[in-house]
Amino acid sequence: MQAYILIKCNTGSETSIISEFKELPEVSEINGVWGKHDIFLKVLTYDPQGIDNITKRLRNHPDVTDTYTMHVLYGQGGTIDEEKIT
């Protein structure tokens, strides 16, 4: 399963959140971004609950104020081989 998560956080906490979450094995990419959200997170996991677990962990972080999770729809483009994920 793959998902993209957009994160809003308290001003000045971006660097510490990125440092903390980039260590998780499910996180394949994490970057600070300009705009409505502060951090872009790409998650890839073979555990069906993996994305939910990361989202819960983010939402419980004291400096995270909002998240927006977008699950990838397989079979509609992209570069992930669906057979390797399921």
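Analyst: Before we start, helices (H or I, at least four residues) and strands (E, at least two) are DSSP runs, numbered from the N terminus. This is a predicted model, where local features need pLDDT of at least 70 and side-chain atom pairs count only at pLDDT 80 or more, while totals for chains, interfaces and linings use all residues. Residues are numbered from 1 along each chain as its sequence is written, and side-chain values use heavy atoms, with hydrogens and water left out.

User: Leaving aside neighbours within four places in sequence, which residues is H61 in contact with?

Analyst: Contact means heavy atoms within 4.5 Å. With neighbours within four places in sequence set aside, the contacts of H61 are I17, E20 and F21.

User: Which side chain meets E20 in a salt bridge?

Analyst: A salt bridge needs a side-chain nitrogen of Lys or Arg within 4 Å of a carboxyl oxygen of Asp or Glu, and the structure holds one. The N to O distance here is 3.9 Å. The partner of E20 is R57.

User: And which ring does the charged end of R57 sit over?

Analyst: That label calls for NZ of Lys or CZ of Arg within 6 Å of the ring centre and within 35 degrees of the ring normal. R57 is partly exposed at 40% relative accessible area, and its charged end is 5.4 Å from the ring centre. The ring belongs to F21.

User: Within what arc do the buried residues of α2 fall?

Analyst: The buried set in α2 is G50, I51, I54, T55 and L58. Taking directions from the helix axis to the C-beta atoms, these residues line one face of the helix, because they fall within an arc of 130°.

User: What do those buried residues pack against?

Analyst: On the other side of α2, K56, R59 and N60 are exposed. The buried residues of α2 pack against β1 (2-9), α1, β3 (39-44) and β4 (64-71).

User: In β3, what is the bridge partner of V27?

Analyst: Two strands pair if DSSP finds at least two bridges between them. Strand β2 (residues 27-32) and β3 run antiparallel, joined by five bridges. They form a hairpin with six residues between them, and G35 in the turn has a positive phi of about 125°. The partner of V27 is V43.

Key: Buried < 20%, exposed > 50% of the residue type's maximum accessible area, 1.4 Å probe, protein only.
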